[in-house]
Amino acid sequence: MAIVCTLAGVDVSEYIDYRTVSITDTMEVTGDNMQFEMYMTADNVYGLPVIPSCGNEVILTDGTVKEFAGTVVKVNRTINESNRTVRYRCSAVDYTYMLNRRYINGIFSAKRITNGDQDSMVKDILEHLKA
């Protein structure tokens with residue numbers, strides 16, 4: 001199975017140093033993290049299909065299995081080896097952080113939630129979000 005890494009929807013597998021790929025799987029609200037590095041020569045920097053930047057979506061797949069999917073939150077660019085090699089050290093967090101983007105503020109009835117009944121609290125919350 002081939003390991004494929006896409007950044008902002010573009011396949012960047014040939015630029016990834018897979019020895020540096022690290023996925024930290026947490027069972028907490030902070031979500032999973034992935035660190036990876038991309039290398040290229042200075043001549044090829046502008047030929048790169050996408051320059052890593054914060055907010056880019058990154059997806060790592062092994063065959064058909066999605067190992068990690070999330071958003072780049074930190075990019076560190078370094079020029080080394082006689083100014084000929086450019087290295088991007090990237091950190092990404094999975095989509096868990098997006099789950100708390102909406103805060104529901106309201107007073108809801110304390111009706112019991114029963115099998116998706118019409119008077120359920122979930123229905124009240126969804127109606128509140130539509131407004």
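Glu37 is buried, its relative accessible area being 9%. In this predicted model, the Glu37 side chain takes part in a salt bridge with Arg89, with 2.8 Å between the closest N and O atoms. The two residues lie 52 residues apart and link distant parts of the chain, Glu37 belonging to strand S4 (residues 33-41) and Arg89 to strand S7 (residues 85-94). Arg89 has a relative accessibility of 36% and is therefore classed as partly exposed, since that class covers values between 20% and 50%.

The count of salt bridges comes to two. Besides the pair formed by Glu37 and Arg89, a salt bridge joins the side chains of Arg19 and Asp17, with an N to O distance of 3.0 Å. Asp17 has a relative accessibility of 11% and so counts as buried, the limit for this class being under 20%. Arg19, in contrast, counts as exposed because its relative accessibility is 74%, and the exposed class begins over 50%.

A nonpolar patch on the surface is formed by Tyr95, Tyr97 and Met98, which together have about 240 Å² of accessible area. Of these residues, Tyr95 is located in the loop between S7 and helix H1 (121-130). The relative accessibility of Tyr95 is 31%, so this residue counts as partly exposed; patch membership requires over 30% relative accessible area.

Note on methods:
Residues numbered from 1 in each chain as written. Predicted model: local features only at pLDDT ≥ 70, side-chain atom pairs only at ≥ 80, totals over all residues. Heavy atoms only, no water. Salt bridge = Lys/Arg side-chain N within 4 Å of Asp/Glu carboxyl O. Buried < 20%, exposed > 50% of the residue type's maximum accessible area, 1.4 Å probe, protein only. Helix = DSSP H or I, 4+ residues; strand = E, 2+ residues; numbered from the N terminus. Patch = residues over 30% accessible without salt bridge, like charges linked within 9 Å, V, L, I, M, F, W, Y side chains within 5 Å. Areas by Shrake-Rupley, 256 points an atom, 1.4 Å probe, with all protein chains shown as cover.
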